[in-house]
Amino acid sequence: MRARTQAQPREWTWEWLRERRQASWPSAKRVLDLTLGSALLALAAPLLAAGALALAAQRLPGGVLTRSPRIGLGGHLFMLHSLRTRRLRLDLLSRLPHVVRGDLSLVGPEPLAPDDERARAPGADADTPETAATTAARHWRQELKPGLTGLAQVRSRSGMPWDEPALLDQHYAEHHWMGLDLAILARAVHAPLRRAVRGLTRRGKAHLSDTDHRRCGYSAAE
């Protein structure tokens, strides 16, 4: 009798399927970044162009854009470009090309400069370069892209000690998933819209004087 072929272990099969899926299909996070980032960039393009023209008319010494090195996925450096204005959050919107290009994600930790203390992995000052490289490679900040916005940006204004930006960034790195990204994006959009609506409401609010409450026939002589 011919011996039966031994079945492959289920763990190996699932691992193989997972690797094939990751190699064949872009991640849902990248799809969200590319589709929503492109749509937002198309909508914001006229506003960004107007802001750039206004800044160009001022003839600023450094030009209309700021350029600063930031640490991206895997510890790779990239040059972050932003408009030199924070009006209407144009500086943030001007970073959308980085999202489409893949340097940034819509949601993620804050993009840090190379000299920022938070960018240094524990053990980076080890005695040997091999130890330092191995420890730095395990640093959680290098495992995902920095974000246009993030948990730290939408929660850091609460003033609570557990809402420190570094702790929020690490919490996001440990628990991020698509639902959390969508919730952060919704909150990032909701806060400025609420402030804008509140400002318009206050501006259009009627200011009633005492004469508006007087009954008909009332005269000051009374």
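**Reading cores and a pocket**

Visitor: Which residues touch the most other members in the largest nonpolar core?

Guide: A nonpolar core is a set of buried Ala, Val, Leu, Ile, Met, Phe, Trp, Tyr and Cys residues joined through side-chain atoms within 4.5 Å, where buried means under 20% relative accessible area, exposed over 50% and partly exposed in between, with a 1.4 Å probe and protein chains only. Here the largest such core has 21 residues, and Leu106, Val107, Leu148, Leu151, Tyr172 and Ile184 touch the most other members. This is a predicted model, in which local features need pLDDT of at least 70, side-chain atom pairs count only at pLDDT 80 or more, and totals for chains, interfaces and linings use all residues. Residues are numbered from 1 along each chain as its sequence is written, and side-chain values use heavy atoms, leaving out hydrogens and water.

Visitor: What does leucine 148 touch?

Guide: Contact means heavy atoms within 4.5 Å. Not counting residues up to four places away in sequence, leucine 148 touches Leu92, Arg95, Leu96, Val99, Ser105 and Leu106. Another core, of five residues, lies apart from the largest one, and among its members are Ala44, Leu48, Leu55 and Leu83.

Visitor: Is threonine 85 buried or exposed?

Guide: Threonine 85 counts as buried because its relative accessibility is 16%. Not counting residues up to four places away in sequence, threonine 85 touches Leu55, Leu90 and Asp91.

Visitor: How do the residues of the lining of the second largest pocket divide?

Guide: Ala, Val, Leu, Ile, Met, Phe, Trp, Tyr, Cys and Pro count as nonpolar, Asp, Glu, Lys and Arg as charged, and the others, Gly among them, as polar. This lining divides into two nonpolar, three polar and five charged residues.
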